Amino acid sequence: MKLLTANFLSCAVKSCKSSPLSFPLHFRDAELASKSVPYNPLLLSNLLPRLDWTALVTSSSELGFTLPATKPLLQSENIGEEDENTLKMLHKVLMETEVVEGKMVCGSCGFEYGIHQSVGNFLLPSHLV
Amino acid sequence: MIYLCSVRRRIHKLPSFININPLSRPPHRENIYISTRALSSSGHRDTKMAATGDSLAPVSNLPPPMREYLIHFAQVHETFRLPELESLAKLFNIKYEILQYSEKSPFARIALESPTAASTLISRSILSKAIYELWGTGATYPDLHASVKSRTSHLWHLYHSSSFKFSFESFNGMRTEPNKRELIESFSYVGFNGPIKMKNPDETFVIMEDYEATSILDPILFAALKIDEKLETPSRNPTHLEQPHQLYFTRFLAKSSRAIIETYDLKKRNYIGTTSMDAELSLVTANMALVSPGKLTYDPFVGTGSFAVACAHFGGISFGSDIDGRMIRGSKPGKSLRSNFEQYKIMDRFGDMFVSDLTNSPLGRYGGQKNEQIFDAIICDPPYGVREGLKVLGSRDPSRPKVPIIIDGVAQHTRKDFVPPKRPYSFDKMLNDITNFASTHLVPNGRLCIWLPTADEDFNEFSIPAHRNLKLESVCVQNFNKWSRRLLTYTRHETDQEEVDNTPADITEETLDSQNPRLARTADALNPFRRKYFEGFKTPPSEE
């Protein structure tokens, strides 16, 4: 489970969808791995506008990363050195960091979703569907 | 079939060919070739007129900057070819006009603004082979030569010293080698005097011949041939004519992406399953979904990741989920969905894969509609439910109280080895859930591609899923022996559309129950395709 993905996921329980506490899910007991992934600046600059930055800052801090409090803006034309640093940082956090084992917990209902072998499990038991 | 032939000797015998007034022509090819003028609306209309006229407009007389090109399609998956082309034209924002097209022929004429537009349009195509500049066409060789001479004599000098070769593309017919050589030499009036190179020539000129009777567009001409397709034990295919009925002379411009089918061939893929979609149709689907670099794609029934890999090939960031986590993790180390991304060296485009159910999806985030709109493309081949029956989260017994199951003081769902209960799911309800999901989670103008199976006898009653926020773009059919499957492509409207009064109410299990209380909740009642499968046709779908 990547931080990138966590930025698009909230609690699967229907009654939680209306609660601001259901997003983002909170990492707990996370075992991290850093995987080397080819750097793809175009892809990252396309991703940036889609990120919920506040949620990303929250998720990152849960895993021990500190991100700037406000979303960095890229110069629209060519990528300068400052942008390059921003993208490199995003690459490391979004694409190369993975939660291999651990849990994601809903801030509203407290349900715990397991992460096993990097794959998150969002299936709900019968009493929650 | 490519045939290479030397015409050097002939040209050397007639050196006067090279002196066709080169000095009276503009010195730069670009000046003749690429007009930078924007296409006006009137220019567009003129092109249509040129297309509907009895004779072909000479290349030089087409309204600028439109020019005629020829696309050489693969003669497979015919109903997918034009929708793929339309999708690529939309993706690259290319203006085009189809001038001549038949599903029975691999050759199609198209008007485009420039050779660059032509090369770009075809660059990602899977169902075409290449694109050519059209120099002439005719029903007979004398007609073809007349057409080439009237259209392109002003262009010949541009190539008089280029290295070149000639080749042949014959569809459903063939010629002897000496016969081909003779025909190639009949073009010697163009006066090319450059070296003939079999490998990597500057220019390749191709003579194309169509021998297939059913591709004749004029119904009167076709009727006049009196072809009896039901001949018993014919010595040769009755629709393959002795002589070609349509000829083209073309200059090669650019190849398509068809060669990558080989790269992604399932036979050479590290990890596949019994229902993996083949490489060719996965890549076509990614084209239809307008996947391009940096776009976010999602497959809610990802399985072994056929679509995920195809989307990543075209630069998309692939996300996927499956109700069965074993499919994603794989059976043994090094054989997993992720290992396919490693094999193709596309890990930078591996988004994530997770276990979830479409009806209770974790995707989406609090904060209004914009926050829910995540994906540029949603692609899926939903399970047909033939072998196991479709499953969705929940208890089989709807009267069961909604409380956690506790055994020996332990809530069972908190155990690591807990497997959530699943119940039968209706195929129609699933389609409804997919379109609703797409309406919520696609960005404006994002695309949804769904594959659906149909028993052929159901063809007339085949109903295409509809959603007020999704516009149907195309329906493509792949036929098998006794069943077929269809690729449906939709575009998410820019804004939410008004609810229409006659839209059928959401399909719920309750309405199904009331329609047929006795059968409801059995796998067959919930899935007509599964029922047909066991009642009638024997050819197994891909799930077997």
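Predicted model: local features only at pLDDT ≥ 70, side-chain atom pairs only at ≥ 80, totals over all residues.

Trainee: Okay, chain B. How many helices and strands does it have?
Mentor: Chain B has 18 helices and 18 strands. It runs to 544 residues, and 38% of them count as buried.

Trainee: And which domains does the assignment give for chain B?
Mentor: Domain 1 covers 8–255 and domain 2 covers 261–535. Between them, 12 residues of domain 1 are in contact with 15 residues of domain 2. On the domain 1 side, the classes are six nonpolar, three polar and three charged residues.

Trainee: What does UniProt place at residues 68–215 of chain B?
Mentor: An unreviewed UniProt entry puts the feature "domain: tRNA (guanine(10)-N(2))-methyltransferase TRMT11 N-terminal" there. Over that stretch the chain is 30% helix and 30% strand. The C-alpha atoms at its ends are 20 Å apart.

Trainee: How much of the contact in chain B is between residues 24 or more positions apart?
Mentor: Such pairs make up 77% of the chain B contacts that have a separation of 6 or more.

Trainee: Let's do sheets. What is the strand order in the seven-stranded open sheet of chain B?
Mentor: The order is β10-β9-β8-β11-β16-β18-β17, with mixed pairing. β10 and β17 of chain B are the edge strands. Each has a single partner, so one side of each has no neighbour in the sheet. From one strand to the next, the twist averages 15°.

Trainee: Zoom in on β8 and β11 of chain B. Parallel or antiparallel?
Mentor: Parallel, joined by two bridges. B:Y298 sits opposite B:I378 of β11(B).

Trainee: Which strands of chain B does helix α10 lie across?
Mentor: α10 of chain B, residues 279–288, lies across β11, β16 and β18. Its angle to β18(B) is about 25°.

Trainee: What about α11 of chain B? Why is it described as largely enclosed?
Mentor: Eight of its eight residues are buried, so the rest of the structure largely encloses α11(B). Among them are B:F307, B:V309 and B:H313. Just past that helix, B:G315 takes a positive phi of about 100°.

Trainee: How many C-beta neighbours does B:I260 have inside 10 Å?
Mentor: 17, so B:I260 counts as partly exposed. Another pair to look at is B:I260 and B:R124. They are 136 residues apart in sequence, but 9.7 Å apart from C-alpha to C-alpha.

Trainee: Switching to the contact between the chains. How many residues does each chain give?
Mentor: Chain B gives 36 residues and chain A gives 34. On the chain B side, the elements with two or more residues are β9, α12 and β10. β10(B) gives the most, with five residues. That side has 17 nonpolar, 11 polar and eight charged residues.

Trainee: Which peptide bond in chain A is cis?
Mentor: The bond from A:F23 to A:P24, with omega near -5°. A:P24 is in the loop between α1 and β1 of chain A.

Trainee: Where do residues other than glycine have a positive phi in chain B?
Mentor: B:N93 is one, with phi of about 55°. B:N93 sits in the loop between α4 and β2 of chain B. B:K345 is another, with phi near 55°. B:K345 lies in the loop between α13 and β10 of chain B.

Trainee: Are those two buried or exposed?
Mentor: B:N93 is exposed, with 8 other C-beta atoms within 10 Å. B:K345 is exposed as well, with 8 other C-beta atoms within 10 Å.

Note on methods. Residues numbered from 1 in each chain as written. Chains lettered and ligands numbered in written order. Contact = placed C-beta atoms within 7 Å. Helix = DSSP H or I, 4+ residues; strand = E, 2+ residues; numbered from the N terminus. Nonpolar A, V, L, I, M, F, W, Y, C, P; charged D, E, K, R; others polar. Buried ≥ 20, exposed ≤ 12 C-beta atoms within 10 Å, placed from the backbone. UniProt positions renumbered as here; feature names shortened; annotations may be inferred. Domains from an automatic or database assignment. Pairing = 2+ DSSP bridges. Axes fitted to C-alpha atoms, helices over the stretch in contact; angles between N-to-C directions.
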